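Trainee: I'd like to learn how to read a few features from a model. Could we go through one together?
Mentor: Happy to; let's look at it side by side.

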Amino acid sequence: MDYKIVRLTDRPEMKEQAAQWFHEKWGIPLEAYLESMEDCLSGNGPVPQWYMAVEGDRMIGGMGVIANDFHDRKDLTPNVCAVYTEKDRRCQGIAGALLHFVCTDMKEKGIDTLYLLTDHTSFYERYGWEFYCMVQGDGEADLSRMYIHKGECL
């Protein structure tokens with residue numbers, strides 16, 4: 001498998017494709033992704049950022065970094081969000097490579113602490129993330145797990 005990890009800022013022509021891909025995976029309105037990606041491309045600050053794993057013309061994975069991933073702890077920022085790897089490409093290290101790339105890139109932008117909201121247990125720990133606390137997701141009945149990462153990912 002031959003894939004590359006790219007920043008949206010390095011491949012701005014992928015904005016519409018990436019926004020559509022994330023929208024299909026997560027059900028968040030397409031306009032929200034387009035707006036966030038346009039903000040990313042404006043270069044006004046280190047957040048938001050968007051990253052894609054690309055195999056040829058196909059997106060096989062991706063994630064973003066936004067201020068808040070729809071939860072009540074506005075002080076826990078910025079958040080890695082929309083982490084997804086295509087089902088036929090899972091268990092091949094793509095998510096881990098993306099996490100490493102994102103942590104390194106954000107550290108180069110002056111951000112060495114990242115947060116991540118998830119219902120997963122044991123996955124993110126493999127990459128140097130630690131459980132931090134439980135938070136209330138917007139519109140969610142149950143609490144979700146918040147992870148923290150400081151420095152570069154493993």
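Mentor: Let's start with a charged pair: the side chains of Lys15 and Glu16 meet in a salt bridge, at 3.8 Å from N to O. A salt bridge here is a side-chain nitrogen of Lys or Arg within 4 Å of a carboxyl oxygen of Asp or Glu. Before we go on, this is a predicted model, where local features need pLDDT of at least 70 and side-chain atom pairs count only at pLDDT 80 or more, while totals for chains, interfaces and linings use all residues. Residues are numbered from 1 along each chain as its sequence is written, and side-chain values use heavy atoms, leaving out hydrogens and water.

Trainee: Does Lys15 count as buried or exposed?
Mentor: Buried means under 20% relative accessible area, exposed over 50%, and partly exposed in between (1.4 Å probe, protein chains only). Lys15 counts as buried because its relative accessibility is 14%, whereas Glu16, at 48%, is partly exposed.

Trainee: How many salt bridges are there by this rule?
Mentor: The count comes to eleven. One of them joins Glu13 to Arg11, with the closest N and O atoms 2.6 Å apart. Glu13 is exposed at 53%, and Arg11 is partly exposed at 27%.

Trainee: What about the nonpolar residues?
Mentor: In soluble globular proteins, nonpolar side chains tend to be buried together. A nonpolar core is a set of buried Ala, Val, Leu, Ile, Met, Phe, Trp, Tyr and Cys residues joined through side-chain atoms within 4.5 Å. The largest one here has 20 residues, and Val80, Leu99, Val102, Leu114, Leu116 and Trp129 touch the most other members. Helix α3 gives the most to this core, with six residues. A second, separate core of 18 residues includes Phe22, Tyr33, Trp50 and Tyr84.

Trainee: How do I read strand pairing?
Mentor: Helices (H or I, at least four residues) and strands (E, at least two) are DSSP runs, numbered from the N terminus. Two strands pair if DSSP finds at least two bridges between them. Here six bridges join β6 to β7 (residues 143–150), and the two run antiparallel. Glu130 stands opposite Ile148 in β7.

Trainee: What lies between β6 and β7 in the hairpin?
Mentor: Six residues lie between them, and Gly139 in the turn has a positive phi of about 75°.
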